[in-house]
Amino acid sequence: MSTIIRSLFGRAAYRAGMHACIGAVMSLPPVVSALVVASPKWPAALRVLGFLLALCAALVAMGAPRAARHGCVRLANRLLGTGLPAPPESPVSPWGDRLRTSVFLAAHAAVGAVVTAVLCLSVFTAFVLPSVWLSGGGPVESWGWALHVEHGWRGVWTGVVSAGCLALGGCVVAGGAAAMRPLAAFLLGPRPAERLAAVEAQRDLLAQRNRLAQELHDSIGHTLTASTIQAAVAGELMDSDPQAARRALSSIEETSRAAMDDLDHVLGVLRAGQSPTAPQHTLADLGPLTDRVRQAGARLRTETVGDLAQVPATVSREAYRIIQEGLTNALRHGETAEIGLRVAARDGWLEVELVNPLPAARVPFRPGRERGQHGLTGIAERVRLLRGEVSAGPTDEHGTHWRLAARIPLRSVR
């Protein structure tokens, strides 16, 4: 019983009544305009036709502005609880959306006028009859009908009729709202193309956030690994070779500053929700990357084949991150005795090969424990998105060396 009372007289019913009243008010301009157009001097049939045409024209004009659709959606969400998404911000609204908005406005005006009329009549009756009874009884005349209310216990029925009128008003309001909710979803909801665009936008946003997380992992992971090794080198050389120790500390400062720039950029993009605009590292920045690895105490042997400057930008960016993650893993998990890096652009492919020795304590090799799975997973995702091939693992059964190899087609971005 309490649930029924809340549904008929609660906050939701109040909002639904407000929605109906707004619809009734909106029905006045097109109706008045149609009455003005339909001249009383016209024949009856022509007058009815002119009234209907003028009414339709007025409703179409009301639904044509883009703000009309936005306003209808906001009213439906706030007063009916429909939860419709906001219409897309496009400079020009399609005619289909304008017509759908006009149809909804016509339905809103018609339902609102009926609901408001019945509600006002119910409330008027609910208050008039008990008032006459409490005043000593008497005749009640309204809208062409007359009713006599008697004094005393014979007029108790007015209380029952009053409660019934209030219940009728609540039911009419609830029924009007129940009829308008699916209509709003059908006429104001997004079209299939808009739903597809929203899904694609959400997919792009998630992909962008995943990519930013991968970029942050690669950058910060490389910086922390290199800084840790350089700090250990600086500590060992502080007394015997102060100049080398200072160079190691200076390298830590440079790599940390670069990592802070990457971190600020990624956090700024996440806060603003916009696409990255800052330039990203490519194979043209391979020299500074290898220099930082050498400053960390590793002996790095590099070999390049072909013109890396002609590599497409997308492939060049992904290849840089692959090499950065591979060198980070080599510093973190392998021996720094000698690392071999080979980058070749030829025959329509970009080939990256990175080989480094593994610590003797880790031989024989045991899969699944030697390398960070997040880094290798990120490398595999980058290569797969570019339709390439990647392999990572020991070079022989003894597991003395680790080899990372990736082949990316240069035509994958065309």
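Ser316 lies in helix H11, which spans residues 313-333, where helices (H or I, at least four residues) and strands (E, at least two) are DSSP runs numbered from the N terminus. With a relative accessibility of 5%, Ser316 counts as buried, a term that stands for under 20% relative accessible area, whereas exposed stands for over 50% and partly exposed for what falls in between (1.4 Å probe, protein chains only). When its neighbours within four places in sequence are left aside, Ser316 is in contact with Thr282, Leu283 and Val311, contact being defined as heavy atoms within 4.5 Å. The model is a predicted one, in which local features need pLDDT of at least 70 and side-chain atom pairs count only at pLDDT 80 or more, while totals for chains, interfaces and linings use all residues. Residues are numbered from 1 along each chain as its sequence is written, and side-chain values use heavy atoms, with hydrogens and water left out.

The protein chain contains twelve helices and seven strands, and 38% of its 414 residues count as buried. Of the contacts in the chain with a separation of 6 or more, 69% are made by residues 24 or more positions apart.

Helix H6 (residues 95-134) packs with helix H7 (residues 157-188) at an angle of about 170 degrees, and their axes are 8 Å apart; these axes are lines fitted to C-alpha atoms, for helices over the stretch in contact, and angles run from 0 to 180 degrees between N-to-C directions. H6 and H7 are therefore roughly antiparallel to each other, since angles over 145 degrees count as roughly antiparallel, under 35 as roughly parallel, 65 to 115 as roughly perpendicular and the rest as oblique. The residues of this contact of H6 with H7 comprise 24 nonpolar, eight polar and one charged.

Gly155 is located in the loop between strand S2 (145-149) and H7, and at 0% relative accessibility Gly155 counts as buried. Apart from neighbours within four places in sequence, Gly155 is in contact with Trp133 and Glu150, and the C-alpha atom of Gly155 is separated by 9.2 Å from that of Leu129, which is 26 residues away along the chain.

In helix H10 (residues 286-295), the buried residues are Leu286, Leu289, Thr290, Arg292 and Val293. These residues cover an arc of only 155 degrees around the axis, which puts them on the same side of H10, the arc being that of the directions from the helix axis to the C-beta atoms. H10 is followed by Gly297, which has a positive phi, near 105 degrees.

Methods. Ala, Val, Leu, Ile, Met, Phe, Trp, Tyr, Cys and Pro count as nonpolar, Asp, Glu, Lys and Arg as charged, and the others, Gly among them, as polar.
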